[in-house]
Amino acid sequence: GPTPKTASISPDVNDPGARNVHFDALRKAYREQAEALFEGGSDLFLVETIFDTLNAKAALFALDEFFEDSGERLPVMISGTVTDASGRILSGQTVEAFWNSLRHIKPLTFGLNCALGAALMRPYIAELARVCDVAISCYPNAGLPNPMSDTGFDETPEVTSTLVDEFARDHLVNLVGGCCGTTPEHIRAIAQAMTKRQPRPFYSEATAEI
């Protein structure tokens, strides 16, 4: 589940070595959640809104332990969060480095969600599309936050779906959706836009234009 705690970043600017959570505590918590989700009938596991790669590794290690102990294995999807125009997740990695840190998991999909709207997310999705040899997922926010908006975000379904449609047109994505600020109308508009598009070929099959 979501946690604001980071295994690789200090919560105290005066003590870079300080931590308010450790790998084993995260691993145990994620293992408990994985077991409950599996018992509840989950079809897959999604580790998402990742801002600290070490947190993600704890979750993915817990899943791998669960798969090994149970003899069952479900698909795993991974989605990170680029926090600002630096093009990095909060723990400092570029999206290419983030992919290289977790590609050994062989996820069903790998992508980005949250923090940014589609327009600002595009260069980072394009970077992933260039290097990833698995399906790319993308579910952006409806633009940037605006507390004066009814949904807290400015983009209408038409704006968000048009931007996401451009990703599909340019063969950057395989799975799309919406994160913060998106409504059922946003998802409906995105789904409608996708009816005329083909999914991105995986990198090993990709053409030079990708």
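The legends below describe close-up views of a predicted model.

View 1. Because phenylalanine 45 belongs to strand 1 (residues 45-50) and phenylalanine 67 to helix 2 (residues 53-70), the pair ties together parts that are 22 residues apart in sequence. Phenylalanine 45 has a relative accessible area of 5% and is buried, and phenylalanine 67, at 4% relative accessibility, also counts as buried. Ring pairs link Phe45 and Phe67 with Phe38 and Phe66 into a cluster.

**View 2. The aromatic pair of tryptophan 99 and phenylalanine 110, which is edge-to-face.** The two rings are 5.0 Å apart, centre to centre, with 75 degrees between the planes. Tryptophan 99 lies in helix 3 (residues 95-102) and phenylalanine 110 in strand 3 (residues 109-117), so this pair ties together parts that are eleven residues apart in sequence. Both residues are buried, and the relative accessibility of tryptophan 99 is 1%.

View 3. When residues up to four places away in sequence are not counted, tryptophan 99 touches Pro107, Phe110, Leu128, Val131, Cys132, Asp133 and Val134. One of these residues, cysteine 132, is 33 residues from tryptophan 99 along the chain, while the C-alpha atoms of the two are separated by 7.3 Å.

**View 4. Phenylalanine 110 and the largest nonpolar core.** This core has 46 residues, of which Leu63, Ile78, Phe110, Leu112, Ile125, Leu128 and Val173 touch the most other members. Helix 2 gives the most to the core, with eight residues. Leaving aside neighbours within four places in sequence, phenylalanine 110 is in contact with Ile78, Phe98, Trp99, Leu102, Leu128, Cys132, Val134, Ala135, Ile136 and Ser137. As a general background to this view, nonpolar side chains in soluble globular proteins tend to be buried together.

**View 5. Threonine 53 in helix 2.** The relative accessibility of threonine 53 is 8%, which is under 20%, and therefore this residue counts as buried. Apart from neighbours within four places in sequence, threonine 53 is in contact with Ile89, Ser91, Gln93, Phe98, Ser101 and Leu102.

**View 6. The crossing of helix 5 (residues 157-169) and helix 6 (residues 184-194).** Two packed helices are described by the angle between their axes and the distance between the axes. Here the axes come within 8 Å and cross at roughly 35 degrees, and helix 5 passes helix 6 in a right-handed crossing. Helix 5 makes the contact through Pro157, Thr160, Ser161, Val164, Asp165 and Ala168, and helix 6 through Glu185, His186, Ala189, Ile190, Ala193 and Met194. By class, this contact has seven nonpolar, three polar and two charged residues.

**View 7. Glutamate 185, a residue of helix 6.** With a relative accessible area of 43%, glutamate 185 is partly exposed, and this residue takes part in the contact of helix 6 with helix 5. Glutamate 185 and glutamine 33 are 152 residues apart in sequence, and their C-alpha atoms are 31 Å apart in space.

How values were computed. Residues numbered from 1 in each chain as written. Predicted model: local features only at pLDDT ≥ 70, side-chain atom pairs only at ≥ 80, totals over all residues. Heavy atoms only, no water. Helix = DSSP H or I, 4+ residues; strand = E, 2+ residues; numbered from the N terminus. Buried < 20%, exposed > 50% of the residue type's maximum accessible area, 1.4 Å probe, protein only. Phe/Tyr/Trp six-rings, centres within 6.5 Å; stacked < 30°, edge-to-face > 60°. Contact = heavy atoms within 4.5 Å. Core = buried A, V, L, I, M, F, W, Y, C linked by side-chain atoms within 4.5 Å. Axes fitted to C-alpha atoms, helices over the stretch in contact; angles between N-to-C directions. Left-handed = near helix turned anticlockwise from the far one by under 90°. Nonpolar A, V, L, I, M, F, W, Y, C, P; charged D, E, K, R; others polar.
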